[in-house]
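Morning, everyone. I have one structure to show you today, and we will walk through it together. Please look at the screen.

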Amino acid sequence: MKERVEFVAKRGMRFEIWARQKPGKSNAAAADETFAFRVGDRVVYRIAALPPYFQFYTYTHHVDGPLTLEWDDSTIEIPLFYSFDPDNVAEKGVTFLELRDDRVIARPKASWPEWYECDPNRPQLRFSPFQAWMNDPNGLCFIDGRYHLFYQFHPVEAEWGPMHWGHAVSDDLYHWTHLPVFLHPEENLWSLGATGGAFSGSAFVGPDGKLSFFYTERLPAYDLYKDYKEVQKKVVPSAGLLRPEASQLVLVDGPPGSAHDFRDPKVWYDQARGIYRMVLGAAIDGDPAVLLYGSEDGAGWQFLSVLYRAPEHFRRHGARCVECPDFFELDGRFVLVMGFVGYTEPATGRHNLLYAQVGTFDDDRFMPSASTLQELDFGTDFYAMQSFRARDRQIALAWLFNWEFRKPAGSPYSGELSLPRVLGLDAQLRLTMVPDEGYRLLRARELTRTSPYHFICEPTRPVELSLSGKLDGICIVGRGSEGESFTLVHDSGRLALAIAEDAGDIKYHSVPLSLEQLTLFFDRGVIEVFANGGVVCGTRRTYKITALTSVEVTLSDKIRIDTSEAWSYESAWM
Ligand code: FRU
């Protein structure tokens, strides 16, 4: 059946559409009815035949005046469709469009608060995509006074698949505006029955002040674990960062000993030496490794050395390679951050841990100040961290996911980001992470107490609890409206965070610490814990508590609380 809807459209307005033929439908008589834009009686855009795989289409309106959309709801499937005006998209964002039965439901920016509020699982202080799948943060940068976030995005469903770069912009790292998809895979991977595409990468501002992005393209891949090819590319964005303007292949083959894992470039310019450097995640003879590349001009790259190679222990326990290496200068030192995908820690059963090492970096040699790796997040739902420099601070975001637990089926999206974290070093040269202070502006009111340390929450609102004192042995229980709970305890010298999903076989606990300060955020199932100034952090994602009703702190004789505060938060999407 053919449906018809009129848009008020202005010249230059763009529509971006991902569509395919509905499974089980024939394309036969579809030619002029499947999907068409008309100006008056004139067809200005028509999809003549829909393929059975997803295909990206884009239409730019070229006259001022109304536009009619016609479509055949029985033959076309459109998982993602939006419009935008390039002249104001940076402020207004895209308008998501949903074709449902005979209607177009338009979701402009003004309607996003309701969209984010009504999903009981949707964090309110953190970024998540409007719909579909996201993983790693990519291309983080601060340009012309605004923060840009790109992210691994699979636009057609809430599952991982052919990778694109989604894009959003913010003035403060908390309030986000969705922009058009920035990068697409080089090939239509759906049509090839393959995965791969525009994998993770980072932003780079050159000595000339110009912005570009280095990223990995996984070429069409038919196996998730082997025999794929990953190459490094550079793109220069158009003005306004809306789309790539120029793209260039910069690196095709890894060094001897490396194999199919060769990805996630982070590039910087060494001002003093006038040279370019890049780190990449890989494996060398099966050991997870970080590779160092060099360039005189940012275009031609040479392999320099293996910057880091993981001890044999990691390979033995499943680690396949390093993912998303980050390498940056902080307070006169260099910090290396890396994720070991596939690794299972024998002592705790935790997977895919994220680690840091702090050291010096002179003449291209990284000398760690400690031989051991610092575990960056004992909860493990904090992965693929990427940091960038803005306003004299090193800021990081990470993907709140570990493949251990999945979002309940039927959700329109999957994947969220952590709170923005500001990085620092403590006196022992350990990396510290604390939330960017912008969260304070979102505080709504202090929580009511029924006893000194029993707080009543406003169920669907984010909550913060901050304590300081002599906290060894403390136990904090958060309870949900369905009776589910999570528990944060300091036990046998370690912090441990348990959620309702736990079967008990994996132990989510920290390294030993004497607990003096603790901040806990709960946000619709996301729990982020910062201890002792952020030298120990733990992040977990539960889907069992969406509404938190109370938080209770249990004290023993030895515990002394000096300060305590507990807050309820506004949504950042409001
Ligand atoms: C990490 C990662 C990266 C890769 C991307 C693909 O989560 O596997 O190594 O570039 O995700 O989506």
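Two domains are assigned here: domain 1 covers 3-107, and domain 2 covers 444-569. Keep in mind that this is a predicted model. How far apart are the centres of domain 1 and domain 2? Taken over C-alpha atoms, the distance is 47 Å.

Now the ligand. Where does the ligand sit? Find the second largest pocket, and you have found the ligand.

Next, the residues around the ligand. Among them are Asn135, Asp136, Gln152, Trp160, Met163 and Phe199.

Which strands each supply at least two residues of the shell? Strand S10 (132-143) does, and so do strand S14 (195-205) and strand S18 (262-270).

Let's zoom in on the ligand's oxygen atoms. Start with Asp264: a polar atom in the Asp264 side chain is 2.6 Å from an oxygen atom of the ligand. Move to Glu323. Its side chain has an N or O atom 2.7 Å from an oxygen atom of the ligand. Then there is Ser200, where the backbone takes part: a polar backbone atom of Ser200 lies 3.1 Å from a ligand oxygen atom.

Notes
Residues numbered from 1 in each chain as written. Predicted model: local features only at pLDDT ≥ 70, side-chain atom pairs only at ≥ 80, totals over all residues. Heavy atoms only, no water. Near = heavy atom within 4 Å. Polar contact = N/O pair within 3.5 Å; in protein donor to acceptor, adjacent residues only side chain to side chain. 1 Å grid on protein atoms, 1.4 Å probe; cavity = no way out; pocket = protein on both sides within 12 Å on 5 of 7 lines; lining within 4 Å. Sits in = over half its atoms within 2 Å of the grid points. Helix = DSSP H or I, 4+ residues; strand = E, 2+ residues; numbered from the N terminus. Domains from an automatic or database assignment.
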